[in-house]
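The exercises below are meant to be worked with the sequence and the coordinates at hand. Try each task before reading its solution.

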Amino acid sequence: MRERFEKLNIRPSLLVLIITLIVIVLLTVLYHFGVYVPNAKRTEEKYNNFTQYDNSPQRAGERTLLAELADGSIQLYSDGDYIILVQNGQETEFSGWNKNFSAAKPQLEYYDFNKDGSKDIVILALDDRDEQFDRDTFGLYVLTPSVDVDGNYDYTVYYTNSSGWYSKLFTTAHAQLTQPISTPKRVQIVMDYSDTQFNYNVETGLQYNNGWAWFLTSPKTPDNTAYCTLTDWEYGPCIISLNKDIDNGGADASIDLYVKFAELDEPIIMGSIDCVIAINNGKLHIGQKSLHFTPNDAYYSNDPQVVSETDWSVTYTNPSTAAFSGTTLSELAIGLPYSNENTPFTIGGVTANANAIDKVVLTNKQIKIYAKAGISFDESLAKLPNYDAAIKIKNRLYTVVEGASIDTEGNQQVLTLKLDKSYPREELTDITLTLG
């Protein structure tokens with residue numbers, strides 16, 4: 001045998017390799033016909049027997065009335081995935097509307113949304129739930145009807161929702177919040193078109209480009225001794241509401257501004273970015289000149305850039321001649337009615353203490369309160385939260401003081417309240433001054 005191998009010139013190691021290859025081939029053939037082929041056949045049978053489900057809109061077989069106009073001319077029904085509009089007895093079916101449309105009663109109105117002289121069917125329906133802010137959001141459907149020669153209705157449907165309008169608004173414009181260096185008691189919000197850069201004065205921190213700017217008063221710290229420090233902000237969901245009384249559209253959209261401060265645990269809603277929803281050139285658009293910021297009345301502030309061009313002064317005298325019973329003044333409440341001439345101040349809630357005051361001098365930059373001779377101010381009155389002077393601007397109360405000090409002029413003590421800017425006379429109207 002050995003001789004035969006040698007004659008064939010086959011080494012034993014090569015023979016082992018050949019045998020191994022033959023075994024592999026045999027095993028592969030056995031696996032293919034014994035395992036792979038049966039599995040493939042079962043898989044084919046499984047998919048051939050798979051039931052294809054119909055993903056097209058389905059009817060429930062029963063209509064549910066969702067909303068109806070008071071005069072009965074228009075009704076809105078749901079039937080499974082279909083919404084059925086009935087106008088003057090004629091039915092039109094719609095599918096593909098938001099799945100939550102019929103989860104709550106929609107608001108159904110009939111008014112001239114696009115200001116073309118013809119009424120539109122306007123629907124506000126539940127769209128989604130914003131879990132972060134725990135608020136429902138809504139979809140807006142505007143149906144503009146047309147009637148053919150046979151009296152049949154056809155509708156052009158316009159639609160937007162919270163996320164869609166949010167995206168449209170901030171594609172058009174952008175906003176930024178800052179706390180200006182020159183007036184840290186204020187928060188400044190600036191808006192402009194999305195392709196415009198914001199420009200700020202390096203020394204004041206106030207914007208000076210062509211954008212829109214509004215100002216808010218920072219909340220005070222929990223101990224009322226200082227104003228809080230802005231750290232961040234975020235936008236809430238876009239909330240759409242119907243409004244048939246506006247001239248440049250048919251619905252309102254509002255996005256709350258949540259502002260965070262270092263000293264507070266929770267953000268504060270300090271206002272909202274608002275606009276009107278209108279139809280223009282066959283699409284839903286932001287109503288002309290409607291985009292603006294609406295401040296929360298509790299944090300309203302005037303514009304620090306609007307200042308008096310000249311110095312001015314008005315003196316208020318004490319209308320009472322009665323004597324003050326003590327020697328130290330620790331609380332006071334008086335009013336400074338608007339006037340350009342010397343005039344008496346009005347006595348507020350702490351009537352007797354007003355007798356400690358000789359006069360009050362109001363200027364464009366400060367309020368100086370003169371005590372009568374021999375009477376002094378409690379030192380705590382020069383510290384927050386023990387002094388305040390509020391004015392009313394557009395029916396909003398606003399604190400105008402940002403500092404206080406006690407000095408002496410002649411034989412009188414003077415409590416000086418520093419105003420937060422140089423005020424034009426017309427801005428300081430009906431001041432309510434409180435101490436203690």
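**Exercise 1: the nonpolar cores**

Task: In this predicted model, find which residues of the largest nonpolar core touch the most other members.

Solution: The largest nonpolar core holds 40 residues, and those that touch the most other members are Phe-113, Leu-140, Trp-165, Ile-273, Ile-277 and Leu-291. Taking Leu-140 as the next step, and leaving aside its neighbours within four places in sequence, one finds it in contact with residues including Phe-113 and Ile-277, and its list of contacts also has Val-122, Ile-123, Leu-124, Tyr-158, Tyr-159, Ile-240 and Leu-242 among them. Apart from this core lies another, of 35 residues, which includes Tyr-316, Phe-345, Phe-377 and Leu-433.

**Exercise 2: the faces of a strand**

Task: Determine which side chains of strand β29 are buried, and where the bridge partner of Ala-333 lies.

Solution: In a regular strand the side chains alternate between the two faces of the sheet. Strand β19, residues 332-336, pairs with β29 in the antiparallel sense over five bridges, and Ala-333 has Thr-434 of β29 as its bridge partner.

**Exercise 3: the chain as a whole**

Task: State how many helices and strands the chain has, and what share of its residues is buried.

Solution: The chain has three helices and 29 strands, and 41% of its 436 residues are buried. Among contacts with a separation of 6 or more, 55% are between residues 24 or more positions apart.

Notes
Residues are numbered from 1 along each chain as its sequence is written. This is a predicted model: local features need pLDDT of at least 70, side-chain atom pairs count only at pLDDT 80 or more; totals for chains, interfaces and linings use all residues. Side-chain values use heavy atoms; hydrogens and water are left out. Helices (H or I, at least four residues) and strands (E, at least two) are DSSP runs, numbered from the N terminus. Buried means under 20% relative accessible area, exposed over 50%, partly exposed in between (1.4 Å probe, protein chains only). Contact means heavy atoms within 4.5 Å. A nonpolar core is a set of buried Ala, Val, Leu, Ile, Met, Phe, Trp, Tyr and Cys residues joined through side-chain atoms within 4.5 Å. Two strands pair if DSSP finds at least two bridges between them.
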